[in-house]
Amino acid sequence: MRKKRSRLMFENVEVIDAGAKGKSVGKAPDGRIIFLSNAVPGDVVDVMTTKKRKAFFEGIATKFHTLSERRTTPKCEHFGVCGGCKWQHMAYEHQLHFKQKEVENNLKRIGNLELPETTPILGSKEHYFYRNKMEFSFSSSRWLTQEEIDSESQIEDRNALGFHIPGMWDKILDIKKCHLQEDPSNAIRLEVKNFASKNGLAFFNPRQQQGLLRTMMLRTASTGEIMLLIQFFEDNQEQRELLLNHIEQTFPEITSLLYVINQKQNDTIYDQEVVCFAGRDHIFEEMEGLRFKINAKSFYQTNSEQAYELYKVTRDFANLTGNELVYDLYTGTGTIAQFISKKAKKVIGVESVPEAIEDAKNNALHNNISNVEFFVGDMKKVFNSSFIEQHGQPDIIITDPPRDGMHKLVVEQLLQIAPEKIVYVSCNSATQARDLALLDEKYQVTRVQPVDMFPQTHHVENVVLLEKRV
């Protein structure tokens with residue numbers, strides 16, 4: 001018989017900080033940290049614990065005695081249930097403060113690094129409607145609101161098109177209006193849902209693995225182009241074409257209308273055939289006169305305007321004169337490589353995803369850039385001494401790894417190559433700090449610039465310039 005979990009209550013807890021993963025921080029009477037999911041630094045609250053560990057508790061605020069001056073009213077009606085924008089209840093200037101603090105704390109505490117004065121975080125001009133890519137899930141068993149549960153009435157409509165409830169793989173919150181992607185995003189999503197429901201198109205049930213409609217991905221570009229991809233579970237041509245024809249007629253502004261038939265257990269499309277139903281199979285994004293071809297599987301920074309700011313910081317830190325050989329590690333679709341190419345002698349991009357490298361090569365060709373080369377391979381295997389012998393000793397290395405940071409073999413190779421400068425772009429300052437500590441024997445951190453790519457969330461990018469110790 002499972003032991004019943006005992007929950008503790010703490011009264012008048014002062015919320016003193018914002019911590020990892022968007023949680024706020026208080027202290028229990030015994031001195032242990034409490035991580036809270038629904039409070040803002042400056043609140044004074046009563047807490048009910050949900051988890052108990054040796055060093056900390058997790059909990060929720062059940063009563064608010066004092067509301068923080070850092071609070072603001074969330075714009076979204078789904079806030080608190082949807083897990084997408086956890087900091088909407090905190091004013092933006094305070095979000096920036098805690099993001100900057102997290103970066104500095106991670107570099108100092110995890111990396112044990114001596115830092116220069118950190119440049120103030122670069123905030124986003126747009127606080128809402130800034131994302132260029134959104135993914136929504138269909139469900140025939142939507143998440144019910146507390147009001148619906150309390151009413152005890154029969155719920156007829158259980159269809160949903162929206163986001164997963166945090167921690168629940170099979171429950172989808174039906175979204176009325178999302179504040180992350182500009183119009184016509186909301187109009188398209190609502191029309192797709194309404195048309196499908198009216199015409200009896202079955203929404204997916206992940207437990208039973210049945211239903212026609214599985215997911216929907218929507219990309220918007222700064223060029224005004226729009227891509228919509230519907231992922232179907234069942235292969236029903238008549239129903240599929242009924243929906244797609246309706247979308248094409250209702251939203252003629254859609255540049256690229258695509259679909260996938262995916263009958264796997266998971267809904268990733270990277271190993272699936274993408275079919276172009278109408279328009280072309282790609283859209284274009286632009287940045288400083290460069291055009292980037294984006295297909296359904298392409299990676300592109302999801303905040304286009306802030307990506308431009310991030311790349312400008314990267315280029316500024318590199319401080320190129322036109323004579324340098326630059327390596328761009330984890331190059332993705334080669335956006336940074338092409339962005340800096342005008343100021344470099346040559347740029348070598350390396351990436352593990354073959355499709356991304358194919359995109360990078362095509363984009364460079366369309367942009368008439370001849371001083372970039374792209375190579376595909378597992379970074380820890382391809383980035384070795386023979387690769388350097390073949391392509392030359394780099395003057396500068398730019399690295400923009402995934403959240404896990406760089407493999408230790410890549411760090412060892414960086415130390416062996418020892419270029420004059422390394423520009424390290426990171427979406428996770430904790431793993432960045434770990435890597436910087438390993439590089440500390442030969443490199444000194446000379447510049448640090450946090451960049452906010454995702455307002456209303458705890459996520460933050462950080463760019464660091466490393467220069468060889470004298």
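Reply: A residue is called buried under 20% relative accessible area, exposed over 50% and partly exposed in between, using a 1.4 Å probe and protein chains only. This is a predicted model, in which local features need pLDDT of at least 70 and side-chain atom pairs count only at pLDDT 80 or more, while totals for chains, interfaces and linings use all residues. Residues are numbered from 1 along each chain as its sequence is written, and side-chain values use heavy atoms, with hydrogens and water left out.

Me: Is threonine 49 buried or exposed, and what is its relative accessible area?
Reply: Threonine 49 is found in strand β5 (residues 44–52); helices (H or I, at least four residues) and strands (E, at least two) are DSSP runs, numbered from the N terminus. Not counting residues up to four places away in sequence, threonine 49 touches Arg7, Leu8, Phe10, Phe57, Glu58 and Gly59, where contact means heavy atoms within 4.5 Å. Threonine 49 counts as buried, because its relative accessible area is 2%.

Me: How far apart are the end C-alpha atoms of helix α1?
Reply: The expected span of a helix is 1.5 Å times one less than its number of residues. Helix α1 (residues 92–110) has 19 residues and should therefore span 27 Å, which agrees with the distance in the model, 26 Å.

Me: Which elements cover the buried residues of α1?
Reply: The buried residues in α1 include Tyr92, Leu96, Phe98, Val103 and Leu107. Among the elements that cover the buried residues of α1 are β2 (17–18), α11 (429–439), β21 (443–451) and β22 (461–468).

Me: At what angle do the axes of α1 and α11 cross?
Reply: Axes are lines fitted to C-alpha atoms, for helices over the stretch in contact, and angles run from 0 to 180 degrees between N-to-C directions. Glu102, Val103, Asn106, Leu107 and Ile110 in α1 meet Ser429, Ala430, Gln432, Ala433, Arg434 and Leu436 in α11. The axes of α1 and α11 come within 8 Å, and their crossing angle is roughly 30°.

Me: What is the angle at which α10 and α11 pack?
Reply: Val411, Leu414 and Leu415 in α10 meet Asp435, Leu438 and Leu439 in α11. The axes of helix α10 (residues 408–417) and α11 are 10 Å apart, and the packing angle is about 40°.

Me: Which residue caps the N-terminal end of α11?
Reply: The buried residues of α11 include Ser429, Thr431 and Leu436. At the N-terminal end of α11, a side-chain oxygen lies 3.1 Å from the backbone nitrogen of alanine 430, and the capping residue is asparagine 428.

Me: What is the relative accessible area of asparagine 368?
Reply: Asparagine 368 lies in the loop between α7 (354–366) and β18 (372–376), and has a positive phi of about 55° although it is not a glycine. Asparagine 368 counts as exposed, because its relative accessible area is 70%.

Note on methods. Polar contact = N/O pair within 3.5 Å; in protein donor to acceptor, adjacent residues only side chain to side chain.
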